[in-house]
Amino acid sequence: MADVYVIHSSKDNDKTHRMVKLLEAQWDVWWDYNLVGDYSEVIEREIAKAKCAVVIWSKDASDSKPVREEVRLAERHQVPIIPIHLDTVEMMYPFAGRSGVNFISWDDSAAHSCFEQLVAKISNVVPQKKSVRQLVPSPQISLTWPSLLLSVSSHETQLVPFDAVKALRLFGASAILVSAYDLLPSRRPKGIIQELRQIQEDGGFILIDSGNYEATRRGDDSWTASKFAEAMKDVPHDWAYCFDVVTPRVEPDRAIESVVRAVKRDRTAATAKILPIVHAPKETLSGYNVKDLPYIVKEVAATLSAPLIAVAERELGSGLIDRAKTVKRIRRELDKLPYYQPLHVLGTGNPWSIALLAAAGANSFDGLEWCRMVVDQQTHRLHHFQHFDFFKYQMSFSDSQVTLDAIDDPKIEYAGKVALHNLDYYRQFEVRLANAMKYKQMENMLTDMIGPASVQQIRNAIPDIFQ
């Protein structure tokens, strides 16, 4: 009995063969390439016993009567069907609305995001032979875990969006997050699209945020999902967060449904590369209700098979230790999935927070601190922007020629020098964090950053934090 039965046209044999070889790393896969015996008898027997059917859909598959009959046979035997699309030909009736995976841009690798999505979808139906625990799940893009995304926003920063993107491009930042709110054509900064394109061409990763942060802070009620879709037009990006449901229902099932609906809406209207954000409902007086948040995050992840799922740091608890507890609970719940689900924490640019939440199980972070504050590279503490005067000397220790050249460059203003100083710190911090995660040295790293007494406090509150 096969775990996965692959339905395909013989004209797609080459592509199917490469896919089968990759799937066989985790499942028993059956396809008719080596079929021996009576065709119809073997086909019906194998489909009836299979745990799921992957349908490789294409123009040739659409024109193939045997392929159509096999799909109907799988349906008749109630075998879960997972379509994948090699081209734009619509799936046969009545399966056109069935959730599938777009393989048009597949590069034949297991690291491509569409193949990862296929693995996730199959895993929801058939457990893998061995669970996947990847520390560095890198799709076809250049993002690795842990990852720090430098954010760009028009709200309360020292650099306007164009200058911030340009600084990130000149510095060679590997991953950035840009608000869709600032990319609406009517207020899109001139030249920013060219800067974003150059970042992508240089190998950088671009994540677009929904823009709800900026709209909320400005009291702009006119910012809607349709404007978000309009803002995404012609914007270079690798992934984008959905126009999030910022006031979710308390009932878990309804909260899950609303996030899934928002993602599907934006995948149709804005871009296919949409990721989910899960918010916690507000309490009546103050704070947020995180009781069911881990379960909701897991269910949304299982439903959408997204390569990354996000929560907002400010909603995870009042203090940093409470927030780490919530991340740990989410990680425990996500680890029940048959594959590794990366978790992003929105609005986390403080080095102390990043290190502790990474230890608790988060994989990526974004923050505006690099263009709002100045960091003391020796203590890892953030200070007011104007305090850069006391830390400017640290620029001379940089490994970046861009930073070294900026020290005495009169054409680079104060804000630009602070930004380069901070970017230099965050680059080094990210490398250190990755090594600490890889070699299980997070306790040592946190002890160095915040002292042994604070780390003991964390241990008392979350005994398994470093496990």
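**Helix 11 and its surroundings**

Guide: Helix 11 (residues 293-304) has twelve residues and spans 16 Å from its first C-alpha to its last, close to the 16 Å expected at 1.5 Å a residue. The expected span is 1.5 Å times one less than the number of residues. Helices (H or I, at least four residues) and strands (E, at least two) are DSSP runs, numbered from the N terminus. The model is predicted, so local features need pLDDT of at least 70 and side-chain atom pairs count only at pLDDT 80 or more, while totals for chains, interfaces and linings use all residues. Residues are numbered from 1 along each chain as its sequence is written, and side-chain values use heavy atoms, with hydrogens and water left out.

Nine of the twelve residues of helix 11 are buried, so this helix is largely enclosed by the rest of the structure. Buried means under 20% relative accessible area, exposed over 50%, and partly exposed in between (1.4 Å probe, protein chains only). The buried residues are Leu293, Pro294, Ile296, Val297, Lys298, Val300, Ala301, Ala302 and Leu304. Their cover includes helix 5 (113-123), helix 10 (252-269), strand 11 (309-312) and helix 12 (320-334); contact here means heavy atoms within 4.5 Å. Just after helix 11, Ser305 takes a positive phi of about 50°.

Ala270 sits in the loop between helix 10 and strand 10 (274-275). Ala270 is partly exposed, with a relative accessible area of 23%. Apart from neighbours within four places in sequence, Ala270 is in contact with Phe228, Ala229 and Met232. Its C-alpha is separated by 31 Å from that of Glu430, 160 residues apart along the chain.

Just after helix 6, Gly172 takes a positive phi of about 85°.
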